[in-house]
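The exercises below concern a two-chain structure, and each task is followed by a solution in steps. Please work through every task before reading on.

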Amino acid sequence: MGAYVVRRLFFSVFVLWGAVTIIFVVLRLVPGDPAYIMLGPDADQAQVDALRAQLGLDHSLAQQYVTYLTNVVHLDFGQSFRLSTDSMTLVMQRVPATIQLASTALLLSLLIGLPLGVIAALKANTWLDRTISVFSLLGQSTPSFWLGIVMILVFARNLQVLPSSGSGSWAHLVLPTVTLALPFLAILVRLTRSGLLEVVHEGYVQTARAKGLAEGGVILVHALRNALIPIVTVVGLQFGALLGGTVIVETVFAWPGVGRLLIDSISRRDYGVVQAAILLVATIFVLINLLVDLLYGFLDPRVRLAGDR
Amino acid sequence: MTSTELDLTTTTPLATPVTARKSRAGTARIRFGLIVIAVYVVAAAIGPWLIDFDSVATRTADRLKPPGSRLSDGSLAIFGTDQVGQDLLAQMLQGARISIAVGLATLLLAGTIGVTVGIAAGYFGGWLDGVLMRLADIQLAFPSILLAIFIAALLGPSVVNVVIVLAVSNWVTFARVARGQALATRRREFVDASRTLGAGTWRLIRRCVLPASVAPVLVVATVEIGHVILAEASLSFLGLGTPASTPSWGVTIANGRNYLADAWWISTVPGIALAFLVISLGVLGDALRDRYDPRLRSL
């Protein structure tokens, strides 16, 4: 287990280094001087020169890369152009709102998605299963920005039971959470259903049945636990999509999180904040994947053994 | 990350008798998907010719007319008009053209990159495989919509840029599938036989390895195109996709947000059209996958 953990930790650091490098490369590949891009078309030459010097653009590319890496390690993405505050500080202020939104959405998906998936698998190929499958397909295919707008239209404008945007109370959390959770919930239903269906015919499930265990016990204790193993991995990977989804949902509902800051900063060409926000979300995502992989090793000893070998 | 690799390269037995029993089922789903998609494609191809759409025209007399209204020139606006008096149906037909074209172009680009990388990695193996697949792992460890947003933000909104951005964030799936196929094929007897008969590397790849990955790649493409069209709409909605002068569905939906109180239809109707297309593509993709390549179920 020790070697496995070390290997996974090393890989996570490697991935983050890759993400930082991709950001650096993309920033340099874009046609035009980053200083011009950051300052916009209205900047005069003196401003551009000052920023070039500040960003170290007058040095060689290799030197720039080293400086960039050093700054990133120190979480230094420079000052925000809009508000003269440190970029990372600005992003960090928005993190709690995003975490709140993402975690309630995750909780909601798990609370509804897992039971629905189990029901669909138990009643496979009945009308109940088909209804759940249709619902799941709808959830996966509905554009979340559109769903958000329609829900604002119905619940905020017509019925006037929930606020349309902003944050502050639990009522503000309802619409964004449902919008963000729906695609994730739909995938979860599908995965749970197909995962369970794959294990219910395994020998150990038959053994459990032959022992005379009640059907509920067989499914929940023996089948579901094994079906959960692949689900955990995909949930980890899909959590990235959930984090990406916060960008859209926060924009629709004017939720004051990292995603909205990201979009605002893009339209204001505040690239220090954009980099900080993207790198922070990527870090959260990598950490969650690390956690999921370790959990995976815990749930399925075979992975651990393969890792130690 | 190794777990996802396993899914594609090892053959999982058909565990569920459910799918085994219904091996030919799915015909209805395939038919449904194909018919709906054909309707969209025809509408996108000839619709804009039948109903003119001029992105800069303004007709103040016909502003924000609800669906089914008669316009000042006597024509019927089935889906209503927007804030400058544009017919929503005409706009949506134009949007269908953009969304489908962007989807197809993206798949072509992502598929070409992915299959090339995947076959190179799978066929030659060794350090090349290691480097390419670590690259794929890095990209998978990065939420693809974020990568798309980042690149789109720097490149600026344009149709070509959307295709590039979405292809860059979608090639990995194709690479993994093609690699799995290349790994499985290169050790087969008929490949060894061809090699013994003197076939060169290029010929072996072209005649033996590439054909083996066509079917799974097409299945993946069908599953992915729905996601790509959704991603394009999302980017356009955020103002990072197609520019406002090319009214893709995402642009129209974003535009309607400002008129929710007076004109619910501007955002609602294109969204339904978009969702229905994506659903049909999903149904078709799933049915094709179940029939031709159940191993891809985890994708």
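**Exercise 1.** Determine how helix α7 (residues 144-158) of chain A lies relative to helix α10 (residues 215-253) of chain A.

Solution. This is a predicted model, in which local features need pLDDT of at least 70, side-chain atom pairs count only at pLDDT 80 or more, and totals for chains, interfaces and linings use all residues. Residues are numbered from 1 along each chain as its sequence is written, while chains are lettered from A and ligands numbered from 1 in the order in which they are written.

Step 1. The axes of α7(A) and α10(A) come within 9 Å and cross at roughly 25°, where axes are lines fitted to C-alpha atoms, for helices over the stretch in contact, and angles run from 0 to 180 degrees between N-to-C directions. Helices (H or I, at least four residues) and strands (E, at least two) are DSSP runs, numbered from the N terminus.

Step 2. The angle therefore makes α7(A) roughly parallel to α10(A), since angles under 35 degrees count as roughly parallel, over 145 as roughly antiparallel, 65 to 115 as roughly perpendicular and the rest as oblique.

Step 3. From α7(A), the contact takes A:Ser144, A:Phe145, A:Gly148 and A:Ile149, and from α10(A) it takes A:Gly245, A:Ile248, A:Val249, A:Val252 and A:Phe253, contact being defined by C-beta atoms, placed from the backbone, that lie within 7 Å.

Step 4. By class, the contact has 6 nonpolar, 3 polar and no charged residues (Ala, Val, Leu, Ile, Met, Phe, Trp, Tyr, Cys and Pro count as nonpolar, Asp, Glu, Lys and Arg as charged, and the others, Gly among them, as polar).

**Exercise 2.** Carry out the corresponding analysis for helix α11 (residues 249-256) of chain B and α12(B).

Solution. Step 1. The axes of these two helices come within 7 Å and cross at roughly 150°, and α11(B) and α12(B) are therefore roughly antiparallel to each other.

Step 1. The crossing of α11(B) and α12(B) is left-handed.

Step 2. In α11(B), B:Trp249, B:Thr252, B:Ile253, B:Asn255 and B:Gly256 meet residues of α12(B) that include B:Ile266, B:Pro270 and B:Leu274. The residues of this contact divide into 6 nonpolar, 5 polar and no charged.

**Exercise 3.** Describe the contact between chain B and chain A.

Solution. Step 1. Chain B contributes 38 residues and chain A 43 residues.

Step 1. On the side of chain B that touches chain A, α2 (17-21), α6 (144-155), α10 (201-237) and α12 (265-292) of chain B each supply at least two residues.

Step 2. The residues of that side of chain B divide into 27 nonpolar, 9 polar and 2 charged.

Conventions: Contact = placed C-beta atoms within 7 Å. Left-handed = near helix turned anticlockwise from the far one by under 90°.
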